[in-house]
Amino acid sequence: MLGNQGALPDHCADLVRTTKRHDWDGAGLAHDLAVLRTHQADLSELTDGLNVLATALAEAPLGEGPELAVLAGELMDLGADANLGLSALVPRVVDGLESAARFPELWESAGGTGLPSAEDTSLVAEVLQRLNVDHDRLSLPPDEAGHTTEAWFTIGTWAQGVIVPLQRREVRDNLPHRDRLAGAVAATLGRVPVAALLDGLLRILDDETVLVLDRASGRGHEVTIGGIGDNGQLATLLDITLVGAGVMEGEPLPAESVAAAMGGEPRPQGGVTVRLTLTDAHGETIAPEGRPADIPHVDGRRVIVVGPDPSPRTWPAGRPYALLRPAITLGRSLTPDEASHWFTKITPAAG
């Protein structure tokens, strides 16, 4: 059984040293000891451990840094100084995204068919062999093929060090290098698999008041939302909030669906029941897999038109980010005149 002697910074330093030596057994032991120590460490010790990792992350080759980045993200999630960790980590993730974005074109130019899965590291040797065979024809600098391949296969793990802490509101509010990260994510969407997860977190709405119109009753309500990962989760939370407050007719959702949207098991067996349809002010369906930030504005307000789904659906998960905790608050109800005014601005649902 593993012991748990020593302070967290010591275990983190051991992890850095063994990783640099490619001593993977030693690195695994150091990692496990560090994780065990986190259960006893206070915030000061967590931050000291993160400081060790942050210094290493700033310089580590992409192939040597993934596990360091993951542990750094876990320490930040436990309360270590996120600004310290992300100041070092975000620029490396940006660089990795930009490098990985070049891989599809490089692979195709080398005659590769079908992109290799970025999660299947067993393919690395095969990929490098193909790229290196065609190295002269591709006119690449000597290390370009290796660096680009390294980024393709490791950036998803590096990014976990950012994805985990970004699920906390205070981190989203104070994210260092946000513009650089947002630019790299936008440039790699559809090309680098992890970019979509980062994009969703960067576009989370916090403390935004939306206007919800109930077509059946002709009533309208102001609802303040935050920390909601996708519109499927939004539909469930609106159902819980509006029906629960008695301002919209309907039966309570199953407990598993409520828990999946709010912070329990995100993927309950049998899926999540979704009983509301959401459309925007232009009559277009608000896709469950889309983001609240995609909902268009009308006169400066995001407008959501809700109604019962004639064929309730089952959605695989209640929320796309397991650690993200949502906030939703029912505000004031519109006066009849206000509601009538807003209903003149919306288009009937398409189709």
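Predicted model: local features only at pLDDT ≥ 70, side-chain atom pairs only at ≥ 80, totals over all residues.
Me: How many residues does helix 3 have, and what span does it reach from its first C-alpha to its last?

Reply: The expected span of a helix is 1.5 Å times one less than its number of residues. Helix 3 (residues 43–57) has 15 residues and reaches 20 Å, close to the expected 21 Å.

Me: Which residues of helix 3 are buried, and what covers them?

Reply: Buried means under 20% relative accessible area. In helix 3 this applies to Glu45, Leu46, Gly49, Leu50, Leu53, Ala54, Ala56 and Leu57. Their cover includes helix 1 (8–20), helix 2 (24–38), helix 4 (66–77), helix 5 (82–100) and helix 9 (144–163).

Me: Where does a kink lie in helix 5?

Reply: The bend at a residue is the angle between axes fitted to the seven residues ending there and the seven starting there. In helix 5, a kink of about 30 degrees lies at Leu89, shortly before the proline Pro91. The helix, with 19 residues, spans 25 Å between its first and last C-alpha, close to the 27 Å expected.

Me: Is Arg172 buried or exposed?

Reply: Arg172, which lies in helix 10 (residues 169–173), has a relative accessible area of 6% and is therefore buried. Beyond its neighbours within four places in sequence, its contacts include Arg178, Asp206 and Leu324.

Definitions and conventions:
Residues numbered from 1 in each chain as written. Heavy atoms only, no water. Helix = DSSP H or I, 4+ residues; strand = E, 2+ residues; numbered from the N terminus. Buried < 20%, exposed > 50% of the residue type's maximum accessible area, 1.4 Å probe, protein only. Contact = heavy atoms within 4.5 Å.
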